[in-house]
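Subject: Structure handover

Hi,

Here is the structure I promised to pass on.

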Amino acid sequence: MNELEQWVARAENGVDEREHIIDQLMHDYGDAILHLAYTYVKNRATAEDLTQEIFIKCYEKLPQFNQKATIKTWIYRIASNHCKDYLRSWHYRKITINNKIWDYIPCQSPYVEEEILRKSEGHSLTYAVTNLPIKYREIVFLHYYEELPLAEISKITNVNLNTIKTRLKRAKELLKDKMIEEGLKNE
């Protein structure tokens, strides 16, 4: 148990204590949660909004933290579930349909940032990862970018450990195929 977890365990969860704990959580995990949210939604502004909502949810749920998992696992699980809920929401599906209309209008892409990333050779792996299906993308992000062990990813995603191993293997195969395909296009 790290210092923050000990503090959460001792805290009587008064407003001042919770605000201080959330400040520390945002300091320690803010960037990681933003990156995790980005892997789900592939839009920086939406990922920033989701990150704020995730920390608000953490503030509200802090008294329910029961220390069965580490604080890191707990916050990643909240973030993962919140992002999945967002992707299932009516609001997101409506935006996705509206954005597909842009595909039919030449040279007016609303995703200039994505276009630049797609064209940049140095970002081809990042682009390939962000285009994996969500069930593979979240495993790759948590394992390779956040360096979490597979057992902890299993707790965060609430998916069986063997399924996590299978998804990671499949994700690596998909990435390998995509990188070979990109290499052939560039030659």
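In which helix does C58 lie? The answer is α3, which covers residues 44-61. Before going further, please keep in mind that this is a predicted model.

**The overall picture**

If you count contacts in the protein with a separation of 6 or more, 65% are between residues 24 or more positions apart.

Is C58 buried or exposed? Its relative accessibility is 0%, and because buried means under 20%, C58 counts as buried. Leaving out residues up to four places away in sequence, C58 touches I22, W74, I75 and I78. Take I78 from that list: it sits 20 residues from C58 along the chain, yet the two C-alpha atoms are separated by 7.4 Å.

W74 is worth a click too. Beyond its neighbours within four places in sequence, W74 is in contact with L25, C58, K61, L62 and F65.

**How α3 meets α4**

C58 and W74 both belong to the contact between α3 and α4. The two axes are 10 Å apart and the helices pack at an angle of about 125°, which makes α3 oblique to α4. The crossing is right-handed. On the α3 side you will find T46, L50, E53, I54, F55, K57, C58 and K61, and on the α4 side W74, I75, I78, A79, H82, C83 and Y86. Sorted by class, this contact has 10 nonpolar, two polar and three charged residues.

In soluble globular proteins, nonpolar side chains tend to be buried together. Here the largest nonpolar core has 44 residues, and those with the most contacts inside it are L25, I33, W74, I75, Y76 and L142. At least two residues each are supplied by α2 (15-41), α3, α4 (71-88), α7 (124-130), α8 (134-145), α9 (150-157) and α10 (161-186). Which helix gives the largest share of this core? That is α2, with 11 residues.

**How α4 meets α9**

Now to another contact of α4, the one with α9. Their axes come within 8 Å and cross at roughly 50°, and α4 and α9 are therefore oblique to each other. This crossing is right-handed. The residues that meet are K72, T73, Y76, R77, S80 and K84 from α4, and E152, K155, I156 and T157 from α9. By class they divide into two nonpolar, three polar and five charged.

One of the α4 residues here, S80, deserves a separate look. S80 is buried, with a relative accessible area of 1%. Setting aside neighbours within four places in sequence, S80 is in contact with L36, Y40, E138 and I156.

Cheers

Methods. Residues numbered from 1 in each chain as written. Predicted model: local features only at pLDDT ≥ 70, side-chain atom pairs only at ≥ 80, totals over all residues. Heavy atoms only, no water. Helix = DSSP H or I, 4+ residues; strand = E, 2+ residues; numbered from the N terminus. Buried < 20%, exposed > 50% of the residue type's maximum accessible area, 1.4 Å probe, protein only. Contact = heavy atoms within 4.5 Å. Core = buried A, V, L, I, M, F, W, Y, C linked by side-chain atoms within 4.5 Å. Axes fitted to C-alpha atoms, helices over the stretch in contact; angles between N-to-C directions. Parallel < 35°, antiparallel > 145°, perpendicular 65-115°, else oblique. Left-handed = near helix turned anticlockwise from the far one by under 90°. Nonpolar A, V, L, I, M, F, W, Y, C, P; charged D, E, K, R; others polar.
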